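Subject: Structure for you to look at

Hello,

Here is the structure I promised to pass on. Please open it and keep it beside this email while you read.

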Amino acid sequence: MNRFCICMLILAMVINTIIISASEPEQIIVADCQFFDEFGRIYSSQHEDIVSLMTLNNIGTESSELKVINALYSENKLINAQINKITLDGKSQAEIKFVTNTSVCNTNATVKNFVIDKNIRPVCESFILTPDGIENEIDVQLQRIKKCYDDSLLEWLASVYDPISGGFYYSLDARNFTGFGADIESTSQFLNIAEVSGLKPVGKSFCEYFGDQFSEKIVSYICARQNEANGYFYDPQYPQSRVAASKLERNLTQAKVMLKRFESSPLYLYPDQRQVPVLASTSSLPEYMQSAENFRAWMEALPWDTAPYAAANQLSAQQYTADAMGYTLMITEFLVSIQNKATGLWGRDLSYEAINASLKVSVYFNPQTEPYPNAEKMLSGVVHILDENLLPPQTASELWNPVALLNFAKVSGAFDAEKKIRFKEALPVVLKWTAQSLEDFKKPDGGFSYGRFRSTPLSQNMPVSLGRSESDMNATMLCINIWDKCHSVANRPAAPIFDCQDSDRFLKMLRGNSVFSKVCIPEKVYSEGFTGYRSVYDTLWTIYAPDGAAKLSNDELTLRAKSEDAENIQLIAGIYTAKENLYKIRVEMKLKVLESGGTPIYYNSLSDSFDGGAFQWLIVGKQDGFTINNRETSSGIGSEVTPLLENDRWYTLTIDYEPKGEQDTKITYYIDGEVTAETNRYSGYGVRPPVANADMLTLRSFKQSNSTIMIDDITVSNVCIQKVYSESFTGYSSVYDTMWTIYAPDGAAKLSNDDLTLRAKSEDAENIQLIAGIYTAKENLYKIRVEMKLKVLESGGTPIYYNSLSDSFDGGAFQWLIVGKQDGFTINNRETSSGIGSEVTPLLENDRWYTLTIDYEPKGEQDTKITYYIDGEVTAETNRYSGYGVRPPVANADMLTLRSFKQSNSTIMIDDIVVYAY
């Protein structure tokens with residue numbers, strides 16, 4: 001009996017045995033593996049093996065004993081077979097490797113894997129081992145990459161879903177802190193992850209997998225963000241005027257794809273469906289999109305030589321609209337004409353930025369337009385950058401882009417048979433670099449971060465997180481897509497990262513997601529000490545500088561600006577100050593000027609855009625040193641806010657920015673803790689209102705600067721206003737329903753018209769006491785504000801009430817008194833536990849509502865400040881806190897008390913009591 005007949009007999013006997021031995025009929029499932037080399041045919045060499053690697057997984061289910069049959073077919077004939085008996089315990093995976101020599105067949109081959117379907121999901125990867133070991137090295141690196149995707153990744157993806165809006169957050173910080181919202185791009189990126197990773201099972205539509213409730217929620221989320229007037233999509237947390245054209249186009253593209261995935265339509269026409277308006281002036285498309293001539297001029301004006309990634313990013317964002325307008329061929333021809341023919345990339349140099357830019361524009365090359373031009377040069381350039389560049393990738397984009405670019409070029413048809421050999425030889429370098437880098441970007445919370453050390457606060461110049469060490473959606477999508485692209489460039493099918501059990505488990509996590517109560521942004525929103533880095537490019541700064549202009553030494557950053565350089569130095573850091581209840585922003589840094597050059601050196605800004613929106617300060621070189629200047633416009637050197645400072649000496653520069661109105665916004669400058677100037681001249685003074693928050697810190701050298709400066713320990717902090725107590729006496733049936741604990745004779749405390757009326761009589765045996773527990777900050781407290789509406793009906797000519805904010809019953813922080821006069825009353829400040837203190841208001845009228853506000857800023861004995869306001873106007877400032885001269889001021893408080901004097905004969909009304917902590 002020949003070999004073929006023996007194999008067929010064995011196969012039939014085994015299959016029959018499996019079916020008969022089962023307690024009930026079981027289904028035999030078959031997983032196919034097709035084998036091709038890079039030329040589309042199978043090798044037929046005695047020294048090369050076909051390998052089928054099948055992973056079996058029944059994690060989370062009962063123990064399974066089964067037999068697995070691997071059978072090799074060629075031209076529909078059984079060539080070889082192998083039987084494996086295996087036990088799966090419900091806790092681990094098992095891999096079965098089937099190896100057969102290619103000499104047994106000389107045409108394309110197929111391996112069929114037979115297994116009983118008992119909660120088992122076979123996953124097949126098939127490849128050819130070649131004599132030079134390239135395939136083996138590829139396999140080693142792919143397995144290394146696979147280990148980066150674990151259960152914590154699944155849990156993180158579920159944790160950033162917002163069950164209220166139906167969208168996904170960028171990160172856990174975005175979920176947890178006020179001012180952030182789920183955003184269109186993160187939601188789109190999650191759906192990409194679901195598809196590529198196998199989270200959405202292959203063969204199921206998004207609607208089928210997620211079900212009606214989730215699908216309807218996400219469609220509503222997308223549609224609610226479309227602008228009826230122009231058809232674009234906006235995240236509500238960002239002012240529409242701040243959204244750049246590239247971001248607008250990205251949102252549009254992503255919204256279109258998401259709605260298509262859920263088989264739905266927008267509420268209004270898309271912008272490209274409106275390109276023939278009734279009047280040209282009413283077109284909702286940007287002017288540069290309205291004609292081919294305009295678009296060509298716009299493309300040519302992009303900074304292809306100096307900032308190729310920025311140029312490519314803007315162009316690629318226009319892809320959908322440009323295609324609808326018929327501009328695609330023109331774009332492709334233009335890109336070919338400006339490509340760097342020596343490197344096969346876009347940009348002047350061999351760099352990560354050139355790779356990044358090239359990936360962005362590669363979307364315009366495909367078999368229908370034309371293959372990627374100069375692909376072999378590009379391949380050599382990429383391998384050179386990855387193999388010889390001493391700097392590891394600093395962002396997830398730099399990690400993702402090389403393998404993605406190679407794959408784009410490959411599928412565009414750029415590599416013929418001869419070039420494919422060189423392509424394959426390069427893969428071990430590319431995959432090893434990718435695996436090693438991927439491990440650096442993995443974060444303990446489960447996903448991947450955009451920076452090697454931490455996430456980024458900005459995406460498309462929009463604030464998305466605090467930039468701390470955590471996973472984010474953008475990086476996680478890129479790092480998951482790497483799995484698929486690495487297999488694609490290696491000509492292998494990629495086993496899904498998640499299996500059916502993972503998919504079911506994820507849906508349960510998604511449905512069980514709770515609504516998170518957001519908290520205020522932490523005080524310190526940015527900090528950089530330049531400690532522990534190998535390179536300045538490891539930091540959170542995005543740095544644009546000539547070679548050697550930015551260097552780390554002794555954990556400090558040295559910047560050398562020379563006027564003869566073609567470009568100035570720019571450092572940009574994304575930050576995120578509070579968008580709600582912001583009181584003050586503080587920027588602090590250590591600064592040393594080694595050479596000042598007698599010219600303006602740096603202009604620096606805290607802003608909500610690249611235009612310096614909040615405030616700008618300048619370092620201005622003088623003959624014998626330098627000054628810090630405040631600038632209110634985008635030109636000139638502003639006005640000096642420090643005395644002349646010495647070169648070659650460290651200073652601590654501190655700037656406080658308190659945005660209010662045009663006249664009462666305040667910027668305070670300090671050198672080494674001493675105030676040197678106060679001004680209301682913010683950036684844009686007299687032209688627009690002050691910016692009330694910031695998301696960008698920039699340091700930029702002037703073109704004419706010839707200077708060397710050192711900077712260290714940069715921090716940006718914000719002070720938020722938190723309402724820690726509020727009582728308006730509204731909706732209560734009794735005064736005792738309120739948050740006050742009230743001790744009063746019968747009838748002395750009554751609600752009327754949602755106000756509280758208090759009637760104190762000296763003949764009563766007890767006085768009136770109202771006590772409210774509050775909780776101001778115990779750390780980093782800047783100020784406490786107490787505000788209340790007050791009306792005195794009868795003042796009685798005697799002290800009426802003594803009231804306090806305190807950390808005990810003894811009036812620890814400050815005390816204010818209501819003191820009756822013959823024709824009205826005053827508010828007095830008391831520093832001891834006896835007497836009536838000193839008046840801090842003029843005589844106030846009886847039977848009239850006033851708003852009393854008291855600000856308490858605890859510092860030292862002499863510089864603590866208490867400010868009294870009546871109806872918003874300052875009436876007094878004092879440092880006489882409660883206990884002045886006896887003990888330090890109390891730096892926090894947890895009790896608010898109102899108490900009548902024993903001798904009081906009065907009736908007062910109070911309402912809308914609020915306590916804020918800053």
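Does Lys789 count as buried, exposed or partly exposed, and at what relative accessibility? Keep that in mind for a moment. Note that this is a predicted model.

**Lys789 and its strand**

Lys789 counts as partly exposed because its relative accessibility is 35%; the buried class ends under 20% and the exposed class starts over 50%. Lys789 sits in strand β30. Now look across to Asp912. Along the chain, Lys789 and Asp912 are 123 residues apart, yet 5.9 Å separates their C-alpha atoms. Their side chains also meet, in a polar contact of 3.3 Å. Setting aside neighbours within four places in sequence, the contacts of Lys789 include Trp849, Tyr850, Met909 and Asp911.

Strand β30 covers residues 784–794 and pairs with β35 (residues 850–857). That pairing is antiparallel, with 7 bridges. Met788 has Leu852 of β35 as its bridge partner. β30 also pairs with β39 (residues 906–917), again in the antiparallel sense, over 9 bridges. There, Glu794 is opposite Thr907.

A reminder on sheets: strands pair through backbone hydrogen bonds, either parallel or antiparallel.

**A sheet of 7 strands**

Next, find the open sheet with antiparallel pairing. Its strand order is β26-β29-β38-β31-β32-β33-β34. Which strands are at the edges? They are β26 (741–743) and β34 (838–839), and each pairs on one side only. Inside the order, β31 (residues 799–806) and β38 (residues 895–900) run antiparallel and are joined by 6 bridges. Ser806 is opposite Met895 of β38.

Asn767 is worth a stop. This residue is in the loop between β28 (755–760) and β29 (769–773). Asn767 counts as buried because its relative accessibility is 16%, and the cut-off is under 20%. A polar atom of the Asn767 side chain lies 2.8 Å from the backbone oxygen of Ser900. Beyond four places in sequence, Asn767 is in contact with Tyr743, Pro745, Tyr802, Ser900 and Lys902.

**Helix α17**

Now turn to α17, residues 500–511. The helix has 12 residues and spans 17 Å from first C-alpha to last, close to the expected 16 Å. At its N-terminal end, Asp499 is the cap: a side-chain oxygen lies 3.1 Å from the backbone nitrogen of Gln501.

Which residues of α17 are buried? They are Asp502, Ser503, Phe506, Leu507 and Leu510. These residues are on the same side of α17 because they cover an arc of only 140 degrees around the axis. An α-helix has 3.6 residues a turn, so residues three or four places apart point the same way. Lys508 and Arg511 are exposed on the other side of α17. The cover over the buried residues includes α3 (151–159), α5 (184–197) and α6 (206–223).

**The nonpolar cores**

Finally, the cores. The largest nonpolar core has 125 residues, and Phe190, Phe210 and Phe295 touch the most other members. Helix α16 (residues 473–489) gives the most to this core: 10 residues. A second, separate core has 54 residues, among them Tyr526, Phe615, Ile619 and Val691.

Go back to Phe190 and pick out its contacts beyond four places in sequence. They are Leu157, Phe168, Leu199, Phe210, Phe214, Met473 and Phe506. Phe506 is one of the buried residues of α17.

Best wishes

Note on methods. Residues numbered from 1 in each chain as written. Predicted model: local features only at pLDDT ≥ 70, side-chain atom pairs only at ≥ 80, totals over all residues. Heavy atoms only, no water. Core = buried A, V, L, I, M, F, W, Y, C linked by side-chain atoms within 4.5 Å. Buried < 20%, exposed > 50% of the residue type's maximum accessible area, 1.4 Å probe, protein only. Helix = DSSP H or I, 4+ residues; strand = E, 2+ residues; numbered from the N terminus. Contact = heavy atoms within 4.5 Å. Pairing = 2+ DSSP bridges. Polar contact = N/O pair within 3.5 Å; in protein donor to acceptor, adjacent residues only side chain to side chain. Expected span 1.5 Å × (residues − 1). Arc of directions from axis to C-beta.
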